[in-house]
Amino acid sequence: MIQIQSSTTDKTSGLQIRKTRVFEDLKIYVNLNLKTWCIIFGVVSSSLISFSLGLVARFVFWPVFVEFSFERNCAQTQCDSIENGSLPLVDDSSLKRRTSVTKIGKQEARTLNSTQINERSIVYQPFHHYETLVHPAMISHPNPRRVAIIGRETGLKLREVLKHSTVEEVKLFYDNSLPSEWSDCSNIEIDDAFSPSSESCFEDSRVYFTQRFSNPRAWFQENAGIDEEEETKANEDFDVIVMDIDIKDLDAEFIEDIHNSLDEDSGILVAHLGMTPTGQELVDPAAHFKQMLEQTGFESIHVFDDENSISSPRSYIVAFVDFEARKYWYQSEADIELLLHQRIHKMRSNEPTLLYFDGPTMVSYQSPPKIYERVYCRDPAHDEECSEYTGFDPSIVNIPLTDIQVRNSSLGEQAGRGLFALKTLPSNSPIGMEEHSKNFFVSPSTWDIIECTFDWLGEKGITVAVSEIGGLEAFIDGYGFASRLLGEKSWSIDSGILEFMNHGCNGTANYGYHSSLTEWNADTNTVPEELDTTDSPYNIVFDRHLRQVFDSGDYTIRNIAEGEEIFSNYLDYSGEVEFWEHEVLTLRGQCAGEAYGTITEYEMTKKKDHVSTFE
């Protein structure tokens, strides 16, 4: 019994010892693995963080660093000061070996040769920025001959300007601080008379750069002066001024001198605004600059941006001295492509002359970025246009076209057809709003072609064709509404029965706007201020929603009873200064029963011609 007890005790104690050892081993193993896993987790976490930071540095900070600081280093190491009124040309041999060592890394720079630097420059040189800055303004001028360039890095801007065959003179203000390869015009098929032997754009005979131009503020102040004896401007007028400097450094006096140095009929200023806003801003970062442009006399101002930037989108602004010149800003894609084909020099290497800019790109610039509209509409002063043209209010009752009918006008035979209500129409309601997007649109260039063709056929005596073209012209003029929002007369014509709505004589209009203006109280010599489309040089809501501005905004002024004819006030759509007197007098004649409407007159003429032919 004792032995058995002893044996059992020994076994039990041995088992406990073994269990204790197992637990101790397991504890050591677990502790060891915890440390190992902690080390592994730390290494992996560090690697992931380093990799993420590397990606950010590579694709965000590195391109910006190279693009913006490369030229600054170049300016410090390569570009000499302006002396003796001569242009500081960059020495190629020293430049290719003394580029920004700190920007591309010392180790990499030690093994980087000239060819590799040239290849790297092709990747990082911001051609898209300079194409976007220069060509929209140049192509928006009918014949840009004299150009001024203000700002640093003039070489790339000059290169883009000289691609236009119309250019006769370029004045440069400030110095050049980019590699000479970036101002190399040797591949552009420029007339040898301008640059017979030099590869540099700066040695083109049309380019002027003297020490006087190193202070643009003083030069433009002197240039914009008035000859007191002659009481006229004693300056040089530029067609286009390209400005690429920080707009925060500008003041109203300098902008006024810039304005007075531009051609008064078609002069254009284009400037770089910097990075496009994020949309979180409470106010437009460039609002003060735009205000200065308006106050100094620019009559049409447009903002556009470029998304090709290797960092974030950049914004630009183009300002026209004369409102009518904006018609070139709103050219069609086909017109722009034709101009580029006629103007832009080809490359000797048969490569594309323009890498980023073409007709479709220019058309995309005609509609400003939505981000600017968001910031613009945060200002309570713009509530009216922002609520009117940034969408349709679903709470407003839309009157369907089935609630109206076409029949002979109650005004008499001379008025032709008219629109009548089939049921009572509620006040403050649009009619057929769903049809507005289907309206015909006649652009200024199309209208010009129609008029020119009509005149040419008349001169040639081709009467049959004159009659047909005359019918098209009468249709547009009789049923359409003219606007000058595109710089010249354009037309919008209702595609449905709304085109038959007649003019309400003597203030009887019941559809359109609440206006006290009538054909009898209108001053034939002065267009009312509310109809003048040139009084707002910068309205980003209108610029973004031009077709909606053309085709919407009309409402029933009061309740319209069943069977009542619907009238609008034609004067509300007549803002053409040149034809204002004619429009007023024509409506007076029609309302007095002494004249016919355009369509009725055309139909009567056609009927008369048909009877004469038959007889």
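Mentor: Let's begin with one cysteine in this predicted model: Cys591 is partly exposed, at a relative accessible area of 23%.

Trainee: Why does Cys591 count as partly exposed?

Mentor: Buried means under 20% relative accessible area and exposed means over 50%, with partly exposed in between. Cys591 has 23%, so it is partly exposed.

Trainee: Which cysteine forms a disulfide with Cys591?

Mentor: First, the general idea: a disulfide is a covalent bond between the sulfur atoms of two cysteines. Here Cys505 is the partner, and the two sulfur atoms are 2.0 Å apart. Cys505 lies in the loop between β15 (502-503) and β16 (511-512), while Cys591 belongs to helix α19 (residues 580-591), so the bond ties together parts that are 86 residues apart in sequence.

Trainee: How many disulfides does the structure hold?

Mentor: There are three. Counting bonded cysteines along the chain, they follow the pattern 1-2, 3-4, 5-6.

Trainee: Is the disulfide of Cys185 and Cys201 right-handed or left-handed?

Mentor: The torsion about the S-S bond tells you. For Cys185 and Cys201 the torsion is about 100 degrees, so this disulfide is right-handed. The link of Cys377 and Cys386, with -90 degrees, is left-handed, and the link of Cys505 and Cys591, with -85 degrees, is left-handed too.

Trainee: Are Cys185 and Cys201 buried or exposed?

Mentor: Both Cys185 and Cys201 are buried. In the link of Cys377 and Cys386, Cys377 is partly exposed at 23% relative accessibility, whereas Cys386 is buried at 8%.

Technical notes: Residues numbered from 1 in each chain as written. Predicted model: local features only at pLDDT ≥ 70, side-chain atom pairs only at ≥ 80, totals over all residues. Heavy atoms only, no water. Disulfide = S-S within 2.5 Å. Buried < 20%, exposed > 50% of the residue type's maximum accessible area, 1.4 Å probe, protein only. Helix = DSSP H or I, 4+ residues; strand = E, 2+ residues; numbered from the N terminus.
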